[in-house]
Structures are given as structure tokens and as C-alpha cells.
Amino acid sequence: MNILIYLIPIALLLGLLGLAAFVWSLKSGQYDDLEGAAHRILMDDDDVSEAEDDR
Amino acid sequence: MGQQTISDNARLHSAVEPQSSGYETLVQTNDDGLYVLSVLVSGVHCAGCIQKIESSLAREQGIRGVRLNFSTRRLALEWEGTFEQANAYVAIIEALGYSVQPYDIDVEKSEIFKEERFLLLCLGVAGFAMGNVMLLSVGLWSTTTETMGIATRDFMHWVSALIALPTILFSGRPFFRSAIKALSAGHTNMDVPISLALVLAGGMSLFETVNHGEHVYFDSAVMLIFFLLIGRYLDFRARKNARSTATDLLSSLSGFANVVGGGGFVGNTNRILIRDLEEGMIVRVAAGEKFPIDGFIIDGESDIDTSLVTGETMPRTVCVGAEIFAGTLNLSAPVTIKVAAAAEDSLLADIVRLMEKAGQGQAQYVRLADRAARLYTPVVHSCAVLAFIGWWIVGGLVWQDALMVSITVLIITCPCALGLAVPVVQVLATGRLMREGILVKSGDALERLSDIDTVMFDKTGTLTLGQPTLDGVYDNDMMQMAASLTAHSAHPLSRALSDAYDGVLYGVSNVEEISGKGVRADYNGQLIKIGSRAWCGDMDVPQSKALELWLNIAGQPPVAFRFIDHVHKDAAEVVEKFIKNGIDVVMLSGDRQAVADDIARQCGIFKVYAEQTPTQKYDVLERFKRDGHKVLMVGDGLNDAPVLAGADVSFAPGTAIDMAQNAADIVFMGGKLHPVYATYKVANLTQKLVKQNFALAVLYNMIAVPLALAGFVTPLIAAVAMSGSSLIVIANSFRLRFSA
């Protein structure tokens with residue numbers, strides 16, 4: 001059972017990492033436009049990325 | 001084409017001032033020192049639109065960020081340089097064919113926006129906690145205390161407590177807040193028993209953990225929060241788009257108007273926000289523009305399309321002194337008007353006020369879920385109290401054990417299934433309708449739709465196509481000559497005639513459009529006129545109900561072209577289907593009685609209210625509602641907006657003006673009337689499934705509550721029962737996808 005001493009903190013840490021990623025994505029506004037995200041995946045976004053490269 | 005025509009056209013075009021100016025006043029600066037502008041872009045329908053707009057702006061100099069939010073139609077622009085560039089950027093979007101409106105940036109920081117993020121955050125935290133607590137719980141369930149030893153079990157309980165207690169405090173806030181609000185107002189809601197169960201489950205589990213007990217419900221408590229938050233979030237998303245009457249409406253007053261400086265007729269015009277217009281100001285309105293405000297014409301003569309305000313199809317000719325209303329469309333020539341009342345006193349504003357009043361009447365609707373909650377709370381609480389008293393006094397247990405039974409009753413009856421019953425079905429139903437081109441803006445609209453017993457249809461643009469089309473067959477030579485003239489006019493009848501003819505046009509010269517009369521031109525030295533009966537028609541021919549244009553070639557008898565506003569092909573069918581379902585069908589129209597009666601007969605409607613002003617339309621609705629009817633309104637115009645807002649549930653076609661679409665609960669696309677009935681059908685199915693879900697939830701409680709009362713419930717049974725009941729309800733909701 002001693003293995004639990006390592007495994008439980010590791011499991012919790014991984015979970016917390018996931019939670020932190022979720023909170024980050026929420027704060028950076030990735031859930032603000034769920035409908036648009038569904039459409040954007042189909043976009044051929046070469047034009048936009050070119051412009052972004054220019055920066 | 002004659003010289004006259006070209007200069008005529010040039011004059012018309014120069015009269016239309018560029019729309020994209022004045023935006024520099026709305027520019028703000030952000031933390032990075034960039035200029036930011038938020039505008040609403042209408043006409044965005046697909047991925048192509050997003051890409052087209054974003055990529056053409058991203059190519060511009062100075063642009064640092066461009067993002068179009070598809071859900072809110074809001075375009076956020078960031079750039080460096082000068083703030084006047086705003087107008088250039090807006091012009092680019094308009095050149096792509098999208099219309100742009102100023103947008104209040106404060107909406108971004110609104111409560112609704114924050115609330116949605118808050119719920120998602122709580123949901124995420126609860127999901128994380130549930131996964132990790134379950135990990136430990138599976139270990140606890142799969143072995144016995146004898147195998148793993150009390151110390152290990154306690155350790156796992158403590159870890160669970162470490163995760164679950166902060167989660168309850170953090171993610172339980174939506175429920176705690178709402179419960180406290182309800183209690184301090186002196187009544188209860190669904191969140192009171194939920195909060196109580198959460199607090200007691202957490203408290204009791206902590207107590208058990210400290211005392212090395214085995215009745216630890218951390219997993220159940222966290223699962224409870226997770227499932228309930230899913231329901232809460234879906235419900236919130238379904239409802240947040242609900243009709244937002246006042247703010248949206250006033251934003252339609254947020255465009256610009258061309259004000260003539262110094263009160264003169266000539267000179268430069270200033271673009272100012274419509275809401276800043278004051279009485280007595282002089283405003284120029286170009287052909288093709290909407291009148292921004294109520295006023296009187298002081299210069300110019302034109303035809304105006306009043307269909308938005310009165311519902312009449314036929315344009316009205318106006319000259320100096322005529323009163324015009326905000327929202328009507330200037331068709332043929334630029335005019336100058338004197339503002340009669342500030343924006344907040346205009347007819348449009350009156351309609352806004354009517355709509356606000358109508359919206360308040362709306363709020364009285366009590367949703368099925370809330371009605372269930374009212375029944376649920378007292379029943380559950382009395383069960384818990386009975387369990388405590390029963391086991392303590394009658395059953396002879398020590399009070400701690402009796403309290404334990406009582407708390408398990410509260411935990412196991414917690415309304416996961418009840419909380420999911422409505423939102424899951426509604427989200428699935430709105431998703432299904434969305435794929436059919438029907439946008440349901442508020443989740444409970446479907447619930448209200450299933451209750452209706454009266455349908456009110458607007459005439460113009462709803463039952464009919466909303467635009468005149470040529471009726472009958474005409475001689476080809478005559479068509480060619482007529483179309484050659486009408487090609488030079490923007491009058492709706494001219495356009496309808498041009499649409500009906502697709503051959504070669506004659507080159508006519510000296511074209512002149514005379515407001516309220518028609519178009520005249522020369523062809524091979526002959527004078528040709530096309531226009532009203534009084535101007536160039538034959539007064540002796542008996543008047544028909546149809547709209548007409550007369551073609552008069554010098555030396556020949558005039559020829560009449562007749563136009564009618566066609567009824568939607570499926571209008572009669574839809575009306576018949578509603579009547580078969582025992583629903584009363586009524587028609588409201590601002591048009592003349594004879595025209596309205598004719599359309600009503602074609603659709604099979606027997607109750608007609610014609611010649612109604614917007615206020616009268618609203619009064620008709622009030623009368624029906626007072627008589628206890630549940631009314632569905634279908635309409636597309638400004639004159640319908642108050643009725644749309646006040647009706648129990650309302651539809652607007654996708655071709656309707658923005659204001660009507662905002663006021664309606666449901667917007668349908670596709671140029672047919674059938675979606676109204678199809679949505680009604682789906683709404684009935686939705687309601688059936690919701691009721692089944694409630695029945696399942698009750699059934700579950702009928703099994704679980706006696707078990708809990710008898711004291712047989714263990715943490716494992718509680719977890720299985722709660723997740724099981726939630727999953728069954730979700731599975732039942734998904735039947736909506738597969739049924740016709």
C-alpha cells in the first residue's frame with residue numbers, strides 16, 4: 001500500500017494540471033464563441049496566418 | 001443610354017454618402033496602446049464569411065488583431081496608427097457586402113458574460129474533483145475495510161475530503177447564492193434542498209472521517225455538483241439568447257444621421273449619432289436610406305416604403321410638409337427633413353416602450369421545472385424530517401444515527417435527474433432545429449410553444465412574400481419596352497417588372513423619374529411613359545385590387561401591368577395543419593381591409609384584423625391574452641415587434657428586420673412558412689420527453705427514498721443510483737434525435 005504515497009499525489013497533480021489548462025483556456029476566451037469555433041475548423045486559414053507571420 | 005441618364009445616376013450615387021464615417025468617435029484604447037473598435041456585423045452566416053472578413057482586414061496596414069465572434073456577430077479590431085482608420089476598416093467590411101452597426105463595448109463586461117464563465121469554471125473544477133474523488137472511491141468500493149485496513153481507508157477518506165470540501169465551497173456557489181437569495185426573500189426554490197444536501201453531505205462525511213466511520217459521501221456530493229452544474233450550464237446557454245428587448249432595440253437607434261449644418265439646405269453635412277438628434281435639426285436622407293427619426297419633409301419629393309411601420313406593401317408618395325416616421329425607407333430621391341421629436345420621442349421609441357411593457361408581461365411565465373421544484377422541496381424536506389423523527393423516537397436509534405439516515409435521504413433525493421430533465425432535451429431540440437435553419441433563441445420558448453391555442457400571422461412578409469411580383473402573361477414587345485424604362489427606377493414595382501423580364505433592353509434616352517408618377521423616356525423620338533394610372537394610364541378601365549403600372553407609348557392605347565403580393569405556397573397548408581390541431585388562426589394586418597381579406601381567403605383564415613396600427617395590433621393581442629388564450633405570433637415588421645415581444649411565443653422569418661428578429665423567440669430561414677409548424681411539432685415532442693424525464697426522476701425517487709428511509713443506503717448505492725438516474729434521463733432525451 002506504500003505505493004499509494006506516490007501514486008495519489010501523482011494522480012492529483014495530473015488532475016490539477018488538466019484543471020489549470022482548463023482555467024487558462026477559459027480565461028483566454030476560448031469558450032466565448034463555441035459556434036464560431038465549429039465553423040473555423042473548416043476554414044482554410046492561409047490568408048490569416050500570412051498576415052500573422054508579418055508581425 | 002442618354003446623357004441625362006448618366007448624370008441622373010451620378011447624382012443619385014453622390015447623394016448616398018458613405019455609410020462608414022463617424023466610427024472614430026467609438027474607438028477606444030486598450031492596455032497595449034492599440035486602438036480598439038467593436039462593431040456588430042450582420043449578414044454573417046458561415047465559415048466563409050468569417051474568413052472573408054478576417055482575412056481582408058488582416059491584410060490592411062496597422063491591423064494587429066481581428067476576431068469575429070460568430071455567436072454574437074461582434075467584430076473586435078485592434079490596430080495601431082490613427083483612430084480615424086476606423087472608418088476605412090468599416091468601409092472594407094461594407095465593401096464586402098456586410099452591414100455594420102456600432103456596438104456598445106460594455107456588453108462584453110456584462111453580467112451575463114461573466115455568469116457564463118463563472119458557471120463553466122465551477123463546472124470544470126467540479127469535473128476535476130469528481131474524477132479524482134471517484135478514483136479513490138473505486139478503491140474503497142472494490143475492497144473491504146478488513147483487506148485494506150482502517151488506516152488506509154481513513155487516509156483515502158482524508159484525501160477525498162481534501163479534494164471534495166474545497167470543491168463544494170467553490171463549485172457549490174451558484175446553488176448557495178441562489179438559495180440564500182430565495183430564503184432571504186422569504187420563499188424557497190430548488191437550490192435550497194440542493195444546498196442543504198451539499199452542506200450536510202460535506203459536514204457529515206467530514207464528521208465520519210474524523211471518527212473513522214464508513215459513511216463518507218464525498219464522492220456523491222461532488223458528483224451531485226457536477227451533474228447539476230451541467231444542467232445549469234446548458235439551461236443558461238439555452239436561455240441567455242432570450243429576447244433582449246430594450247437594449248437591442250435602442251441600439252437600432254444607434255446609427256448615424258446626416259445633419260445639415262447651420263439649418264441651411266446646402267453646405268456640408270455632419271454625421272452624428274441618431275440618439276443625439278434634437279428637435280428642429282435638419283437631416284438629409286439619401287435615396288435608399290432609412291429615415292432615422294420622425295419629422296416633416298422640408299425639401300424634396302420622394303416615394304417612401306412604409307411597410308415596416310404600417311405593413312402596407314405599396315410605397316407612399318410624399319412631398320414637402322408630409323410627416324414621416326423613423327424606420328421607413330426613402331426609395332426614390334434624396335429629401336431633407338426637419339426633426340419633429342428627439343429620438344426618444346419618436347414612433348420607434350413608442351414601439352420600444354410598448355415592447356418593454358410587453359416583455360414585462362412575459363416574465364410571469366412559470367417554467368415546468370420551477371413548478372416541479374415547488375412541489376419537490378416540501379416533499380423531500382418532510383421525508384428527511386420524518387426519517388429523523390421516525391428512527392430517533394420510534395425506531396430507537398441514537399440521534400447521530402437517525403440524523404445519518406435523514407441526511408442520506410436528502411443526498412439521494414437530490415434532483416440530478418430533475419435538473420437535467422429539461423435542459424438536456426431543450427439543448428438537443430434547439431440543436432436539431434438549428435440544423436433545419438430554425439434558430440431558437442430561448443430554451444423555454446419550446447415549452448411555451450407547446451401550450452399555445454392561437455396563432456396570429458402578420459400579412460405582409462409573413463403570409464405573403466412581402467414584395468410584389470408580376471401577375472399574368474404580357475406581350476413580349478410590351479415587356480421589353482416596359483423593362484427598358486423600369487431598369488432606371490428603384491421603385492418596388494419597377495424592380496418587380498425588371499425581375500420578370502430577362503431579355504435585351506432598348507436603349508432609351510432622356511430618362512427621367514418623376515416621384516409619385518413614374519418614369520418617362522424617349523425611344524426613337526417617341527415619348528414613352530411608365531407609371532401610375534393617374535399619370536399615364538387609362539382611367540376608364542375598371543380598378544382592380546392588384547397594384548398596377550401603366551405603359552404609355554405615344555399614339556398607342558396604354559397597357560396595364562398588374563402586380564400582386566403572392567402568398568407563400570405553403571401558407572394554406574400550414575394554416576390548415578394548425579387548425580387540424582385545434583388551434584385558432586388569426587391574421588393581423590396594417591393593410592387595407594379588402595387586401596387583407598383577399599389574402600386571408602387564400603390562406604384559409606377566417607379571423608382578420610385589418611388596418612391595424614402597431615398599438616392596435618398590440619391591443620388585439622392583449623384582448624386575446626386577457627381571455628386566457630396562449631398566443632403564438634408570427635411577424636416580420638417593426639409594426640409587429642410589440643406583438644412579437646408580448647405574445648407567449650413568437651416567430652420571425654430570417655428576412656424580417658433586425659428588431660423583429662430580436663423581439664421574436666424563434667427565427668426561421670428558407671423563405672417558407674412550414675418551419676413554424678415543424679417547430680410546433682418538435683416543441684410538442686420536446687415537452688413529451690421532458691414529462692417522461694420527470695416521470696423517470698419520480699420513479700427513481702420512489703425506489704431510492706424508501707431504501708434511504710430504511711437505512712439501507714451506502715455510499716456505493718448512493719453513487720450508483722444518482723449517476724444511473726442522470727444517465728437514464730440523458731439517454732431518454734437523446735430519443736429526440738432519432739424520432740421523426
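Okay, some housekeeping before we start. Residues are numbered from 1 along each chain as its sequence is written, and chains are lettered from A, with ligands numbered from 1, in the order in which they are written. Since the model is predicted, local features need pLDDT of at least 70 and side-chain atom pairs count only at pLDDT 80 or more, while totals for chains, interfaces and linings use all residues.

Let's begin with chain A and its helix H1, residues 4–27. When I say helix or strand, I mean a DSSP run numbered from the N terminus: H or I with at least four residues for helices, E with at least two for strands. The expected span of a helix is 1.5 Å times one less than its number of residues. For the 24 residues of H1(A) that gives 34 Å, and the end C-alpha atoms are 34 Å apart, so the two agree. Buried here means 20 or more other C-beta atoms within 10 Å of the residue's own, exposed means 12 or fewer, and partly exposed is in between, with C-beta atoms placed from the backbone. After H1(A) comes Gly29(A), with a positive phi near 80 degrees.

Now, how do the chains meet? On the contact definition, C-beta atoms placed from the backbone and lying within 7 Å, 24 residues of chain A are in contact with 23 residues of chain B. On the chain B side, helices H2 (47–58), H4 (111–142) and H5 (145–171) each supply at least two residues. H4(B) gives the largest share, nine residues. By class, that side of chain B has 12 nonpolar, eight polar and three charged residues. For the record, Ala, Val, Leu, Ile, Met, Phe, Trp, Tyr, Cys and Pro count as nonpolar, Asp, Glu, Lys and Arg as charged, and the others, Gly among them, as polar.

On to chain B itself. We've got 27 helices and 27 strands there, and buried residues make up 46% of its 740 residues. Of its contacts with a separation of 6 or more, 69% are between residues 24 or more positions apart.

Two sheets are worth a look. Strands count as paired if DSSP finds at least two bridges between them. One sheet is open and antiparallel, with six strands in the order E7-E6-E8-E14-E9-E12 (chain B). Its edge strands, E7 (269–273) and E12 (323–324) of chain B, each pair on one side only. Inside that order, E9 (residues 295–299) and E14 (residues 335–339) of chain B pair over four bridges, and Phe296(B) stands opposite Lys338(B) in E14(B).

The other sheet is also six strands, open and antiparallel, running E17-E22-E21-E20-E19-E18 (chain B). E17 (464–471) and E18 (509–514) of chain B are its edges. Neighbouring strands in this sheet are turned by 15 degrees against each other on average, direction ignored. Helix H18 (residues 492–500) of chain B packs on this sheet, touching E17, E21 (547–553) and E22 (559–567), and its direction makes about 60 degrees with that of E17(B). Those angles use lines fitted to C-alpha atoms, for helices over the stretch in contact, and run from 0 to 180 degrees between N-to-C directions. Also, E19 (residues 518–523) and E20 (residues 526–531) of chain B are joined by six bridges, with Val519(B) partnered by Ile530(B) in E20(B).

Asn510(B) isn't a glycine, yet its phi is positive, about 50 degrees. With 14 C-beta neighbours inside 10 Å, Asn510(B) counts as partly exposed.

Last stop, the cores. A nonpolar core is a set of buried Ala, Val, Leu, Ile, Met, Phe, Trp, Tyr and Cys residues joined through C-beta atoms within 7 Å. Which residues touch the most other members of the largest one? Of its 139 residues, Val222(B) and Leu224(B) do. Leaving out residues up to four places away in sequence, Leu224(B) touches Ala197(B), Leu198(B), Cys414(B), Cys416(B) and Met722(B). A second, separate core has 23 residues, including Tyr35(B) and Phe70(B).

That's the tour, thanks!

Methods: Contact = placed C-beta atoms within 7 Å.
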